[in-house]
Amino acid sequence: MASTPFINIHSHSRSTESDTIRVYNCIIGKDEDPVGLFSAGIHPWYINEDLPEMQLSELFVLASDDKCIAIGECGLDKLKGSAPDLQESVFRSQIEMAAALEKPLIIHCVKRFAEVLHCLEAENFGGRFMLHGINTNPENIKPFLQMQNAFFSFGTAVLQPGSNAETIFKSLDPEKCFLETDDRSTDIKNVYFRAAEIKGMSVNELSDQVLRNYKKVFVHGIDRTK
Ligand SMILES: [Zn+2]
């Protein structure tokens, strides 16, 4: 029997990994057109400040593609990128688009968790969303833990013993978890091996669980494992 593929839910690399379903993240206004499964969004660092509407139209075309499984990464960043008001309006437009296209959101958030929550609530967003690259003070994500439509993705930060990522991942319901390499060149399998160790699960149990989560959150009746 073939073993369960490793889902790498968020990667900026175009190269392939064996035994892996990798979701390539395409940043509108920065990256070339995607190949294979992808997510697409306007990252708060790469907003075209003169023509955000043009970027949104460009995103809409890509996001309507069947191979686009999520809108994002998009979100809010306190440390880098455009002015807060513009970040917020471009994020809110993408929340709206995700709702219209019935696709989940992949959210980038740096030190703006309360504001991200505010935007989701203001847009009355009822779809599923995933906060990616979790490595923050556990207090910051507390409000999201109660939400049935919230999911969390962890990258190479779990490889560092004692990191916030490790602490949060350890206590999080496995049904809420995803793993990613983001912009790192690490093999996703290293993240799975360490993550399984932290959870006290076998690598197989963990990859089975993440595959179930993937089907629940990102696959809507279409076989996106191909
Ligand atoms: Zn990323």
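**Exercise 1. Determine which residues of helix H3 are buried, and work out how they are arranged around the helix axis.**

*Solution.* Begin with the helix itself: in this predicted model, H3 covers residues 113-122, and its buried residues are Phe113, Val116, Cys119 and Leu120. Next, look down the axis of H3, where these buried residues fall within an arc of 120 degrees, so they line one face of the helix. Then turn to the face that points away from this buried side, which carries the exposed residues Ala114, Glu121 and Ala122. Now ask what lies over the buried residues of H3: the covering elements include strand S4 (68-77) and strand S5 (105-110), together with helix H2 (84-101) and helix H4 (138-145). Finally, follow the chain just past the end of H3, where asparagine 124 takes a positive phi of about 55 degrees.

**Exercise 2. Describe the largest nonpolar core and find the residues that touch the most other members.**

*Solution.* To see one member in detail, take phenylalanine 178 and leave aside residues up to four places away in sequence; phenylalanine 178 then touches Ile7, Ile9, Met130, Phe151, Phe152, Ser153, Val210 and Asn213.

**Exercise 3. Work out how helices H6 and H7 are oriented relative to each other, and which residues meet between them.**

*Solution.* First locate the two helices, with H6 at residues 188-199 and H7 at residues 203-218. Their axes come within 9 Å and cross at roughly 100 degrees. An angle from 65 to 115 degrees counts as roughly perpendicular, and H6 and H7 are therefore roughly perpendicular to each other.

**Exercise 4. Decide whether the radius of gyration of the protein chain agrees with that of a compact globule.**

*Solution.* For 226 residues, a compact globule would have a radius of gyration near 17 Å, and because the protein chain has 16 Å, the two agree. The C-alpha atoms fill a box of roughly 50 × 35 × 30 Å along the principal axes, and buried residues make up 38% of the 226 residues. Among contacts with a separation of 6 or more, 64% join residues 24 or more positions apart. The secondary structure of this chain comes to seven helices and eight strands.

Technical notes
Residues are numbered from 1 along each chain as its sequence is written. This is a predicted model: local features need pLDDT of at least 70, side-chain atom pairs count only at pLDDT 80 or more; totals for chains, interfaces and linings use all residues. Helices (H or I, at least four residues) and strands (E, at least two) are DSSP runs, numbered from the N terminus. The radius of gyration is taken over C-alpha atoms; the globule rule is 2.2 Å times the number of residues to the power 0.38. A residue is buried if 20 or more other C-beta atoms lie within 10 Å of its own, exposed if 12 or fewer, and partly exposed in between; C-beta atoms are placed from the backbone. Two residues are in contact if their C-beta atoms, placed from the backbone, lie within 7 Å. The arc is that of the directions from the helix axis to the C-beta atoms. A nonpolar core is a set of buried Ala, Val, Leu, Ile, Met, Phe, Trp, Tyr and Cys residues joined through C-beta atoms within 7 Å. Axes are lines fitted to C-alpha atoms, for helices over the stretch in contact, and angles run from 0 to 180 degrees between N-to-C directions. Angles under 35 degrees count as roughly parallel, over 145 as roughly antiparallel, 65 to 115 as roughly perpendicular and the rest as oblique.
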